[in-house]
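The following exercises are intended for a reader who meets this structure for the first time. Each task is followed by a solution in steps.

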Amino acid sequence: MIIDFNDDSAPLGLEADICIIGSGAASLAILTKLYNSSYKVVVLEAGGEQITDQNQELYKVITPFSSFEGANNGRFRVFGGSTTRWGGQSLPLDRIDFTRRDWLPNTGWPICYDSLHKYYANADRFLNLDPTGYEKDIFALLKEKRLNTMDELQFRFSKWSPLPNLREQYRKEIGKSAHVTLVKNANVTDLMLTPDHSGVESVVFKNFSKKTGTIKAKRYVLACGGIENARLLLVSDTQLPNGIGNGNGLVGRFLQDHPRAEVGSLVSGKKQQSYLNYFYLGKTRIMPRFFFSDDFQKKHSMLNSSAFVEFYTQENDVFTIAKEIYRKQIRGQLTWKEFQLALKLVKNLPELLLIAKHYYINRKVYTPNARARLNVMTESQALWENNVSLSSDVDALGMRRAVINWTIDEKVRHTFLTATELISQYFTTTGLGKIQVDDWLYTDDWKAYIRDSKHHIGTTRMALSPKEGVVDENCRVFGTRNLYMAGSSVFPTSGQSNPTTTLIALAFRLGDHFLETK
């Protein structure tokens, strides 16, 4: 059932076995485990059906050291969260991400890789992805001659969901469920603890008319994203002066993202697009990517990274128009504007036929007249000084705004340079072409060319003890018996990959934990 807290008929008091705060990917994944259980579940979503300026203003943050653009334009306070806007790229973490690495601080997870690996196939199904395993030989998938390999460099791929707007797929299950109720326009403003502070007793939520409701549940899950999860723990300080779960000052600490940048241009060479451009398995778009071996990372004391080539065209050229129309078509979002754009394609029919040949016969993307640019994306170090804290400024609901302290250091540039050098060597030896490395990598203002990836990670990190983190191996907040965290905020380290696949796997794991501990 789905109700709107703005409606006069919406109740002010709710009760549940499990209360989930947020309705993004982690929340929707947990729900798939609970639909057929006897649990009564209430999901509180701060937004409504549409993204509004009023709702987005509540996410405004203060960034004194860097712009950290993803904090303002990469979060969406709406039913479905960021899954209503994300690109849909899926890639699991690597085994090395779960281990302690001597050359990087604060590394290692309290759970092993295999405890999550078993959920990755389910995450692929949840995202409507082709089931081909990520370890599959990419040359076989490309149907191209195998290139010479290097022990230090691995050629693999990521997948892109054809239906990334998850709420449109899973809203039907919520709507027809007898056990699940989703409440829209319910902004959580406070978590109230029991008198002995051993657990959460109730949650307070409001709308913009200051209508106030409360919910009492046996278990609570914060699934609001890497910034908001920490913010809600910190602002809930009426009973504990430092906020909930923050006895050791770790809530909001170790904020991470994925620094990324274009580092060079690919010139000359043969069959670049045949090997390096997107291709398709069914409706799943595949991106070829390069990864670095564990031994190479250790030898060069570098961050875990990946790289890929993006083929760019002029704005409004035939390929860009065709790509946009295709994406809108498979998502059921075609409008009259797209039909008008289609008329431009008729004028460039020969070029369009060449694109169509590659797609329908070879199942590959061909980008005519393209500029090939090498992109590198790396993890950032899990550093104490990178954090989410609170300002004295308040939003329209009276909640203190988040302050983002996030900087990158020379380890990032070292990783970019090391990665680019190895890939350049590989491209030259295999005949794929030469990389003209951008000059900015060697200048004093190199940080100005790095951007974040809108991935907010690590602010309620998982650990074996409250001296090392905020939640235990089951994502339960230390010091509480019934408060859990979901999403990438619990990742101790970010790895090189987009976080969504792993946070979905963790959500499935948390859902199983609830079923096993009724």
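**Exercise 1. Cysteines**

Solution. The model is a predicted one.
Step 1. The cysteine sulfur closest to that of C224 belongs to C19, at 9.6 Å. A disulfide requires two cysteine sulfur atoms within 2.5 Å, so the sulfur of C224 is too far from that of C19 for a bond.
Step 2. Seen from C19, the closest cysteine sulfur is in C224, again at 9.6 Å. C19 is buried, its relative accessible area being 0%.

**Exercise 2. Aromatic pairs**

State how many aromatic pairs the structure holds, and describe the geometry of the pair formed by F5 and F205.

Solution. 
Step 1. There are 19 aromatic pairs in the structure.
Step 2. In one of them, F5 and F205 have ring centres 4.9 Å apart and planes at 65° to each other. Planes over 60 degrees apart count as edge-to-face, so this pair is edge-to-face.
Step 3. F5 is in the loop between strand 1 (2-4) and strand 2 (13-21), while F205 is in strand 8 (residues 200-206); the two are 200 residues apart.
Step 4. F5 is buried at 1% relative accessibility, and F205 is buried at 0%.
Step 5. F126 and F508 also form an edge-to-face pair, with 5.7 Å between centres and 90° between planes. F126 belongs to helix 4 (residues 113-126) and F508 to helix 14 (residues 500-516), so their pair ties together parts 382 residues apart in sequence.
Step 6. F126 is buried, with a relative accessible area of 4%, and F508 is buried with a value of 4%.
Step 7. Ring pairs also join F139, F155, Y275, F290, Y426 and F427 into a cluster.

**Exercise 3. The surroundings of T378**

Identify the strand in which T378 lies and the side chain with which its side chain makes a polar contact.

Solution. 
Step 1. T378 is located in strand 14, which covers residues 371-378.
Step 2. The relative accessible area of T378 is 0%, so T378 is buried.
Step 3. The side chains of T378 and S305 make a polar contact at 3.0 Å.
Step 4. Residues touched by T378 include D257, H258, P259, V412 and F416.

Notes
Residues numbered from 1 in each chain as written. Predicted model: local features only at pLDDT ≥ 70, side-chain atom pairs only at ≥ 80, totals over all residues. Heavy atoms only, no water. Helix = DSSP H or I, 4+ residues; strand = E, 2+ residues; numbered from the N terminus. Buried < 20%, exposed > 50% of the residue type's maximum accessible area, 1.4 Å probe, protein only. Polar contact = N/O pair within 3.5 Å; in protein donor to acceptor, adjacent residues only side chain to side chain. Contact = heavy atoms within 4.5 Å. Phe/Tyr/Trp six-rings, centres within 6.5 Å; stacked < 30°, edge-to-face > 60°. Lists of a residue's contacts leave out its neighbours within four places in sequence.
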